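Below are my notes on how the secondary-structure elements are arranged. Please read them alongside the model.

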Amino acid sequence: MSDLAWVPQSCTLPTEERPLRVAEWDALFAERLVAVTRSRPLTLRLALKDGPGVDDQVRDLAEREGGCCSFFTFAVTSGGDGIGLDISVDAGHAPVLAVLEAQAGEQVPQ
């Protein structure tokens with residue numbers, strides 16, 4: 001996600017902070033992502049490996065992302081040996097979800 005041209009105007013995160021936030025998502029994907037699925041057309045489901053502090057990390061990142069990009073809705077579920085992160089958008093932001101899905105999909109272990 002190095003090209004940030006896809007970030008919508010409705011994102012209120014300062015421009016200079018956007019690469020850092022993208023790097024946080026990329027690190028989470030690289031370290032914890034197990035699977036990416038579309039549970040509904042406008043909802044992406046990420047399955048993440050659990051570990052010490054991971055639930056708090058995911059919840060914190062989701063809260064901060066929702067604070068600057070109010071078009072996202074996040075739901076975090078914990079249980080068993082994993083964490084589920086559902087990311088939903090409205091129809092107008094479907095392209096943003098598609099970019100996130102593509103980026104996450106590149107990190108899923110084969």
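How are H1 and H2 oriented to each other, roughly parallel or roughly antiparallel?

1. This is a predicted model, in which local features need pLDDT of at least 70 and side-chain atom pairs count only at pLDDT 80 or more, while totals for chains, interfaces and linings use all residues. Residues are numbered from 1 along each chain as its sequence is written, and side-chain values use heavy atoms, without hydrogens and water.

2. Helix H1 (residues 18-32) packs against helix H2 (residues 54-68) at about 150 degrees, with the axes 12 Å apart. The two are therefore roughly antiparallel to each other (angles over 145 degrees, on a scale from 0 to 180 between N-to-C directions). Helices are DSSP runs of H or I with at least four residues, and strands are runs of E with at least two.

3. Arg21, Glu24, Trp25, Leu28 and Arg32 are the H1 residues that meet H2 (contact means heavy atoms within 4.5 Å). On the H2 side are Val54, Gln57, Val58, Leu61, Arg64, Glu65 and Cys68. By class, this contact has six nonpolar, one polar and five charged residues (Trp, Val, Leu and Cys are among the nonpolar types, Arg and Glu among the charged).

4. Four strands form an open sheet in the order E1-E2-E4-E3, with antiparallel pairing (at least two DSSP bridges per pair). Strands E1 (33-40) and E3 (73-79) are the edges, each pairing on one side only. E3 and E4 (residues 82-88) share seven bridges, and Val76 stands opposite Leu85 in E4.

5. H1 lies across E1, E2 (43-49), E3 and E4, at about 55 degrees to E2. Helix H3 (residues 94-105) lies across E1, E2 and E4, at about 150 degrees to E1.

Key:
Parallel < 35°, antiparallel > 145°, perpendicular 65-115°, else oblique.
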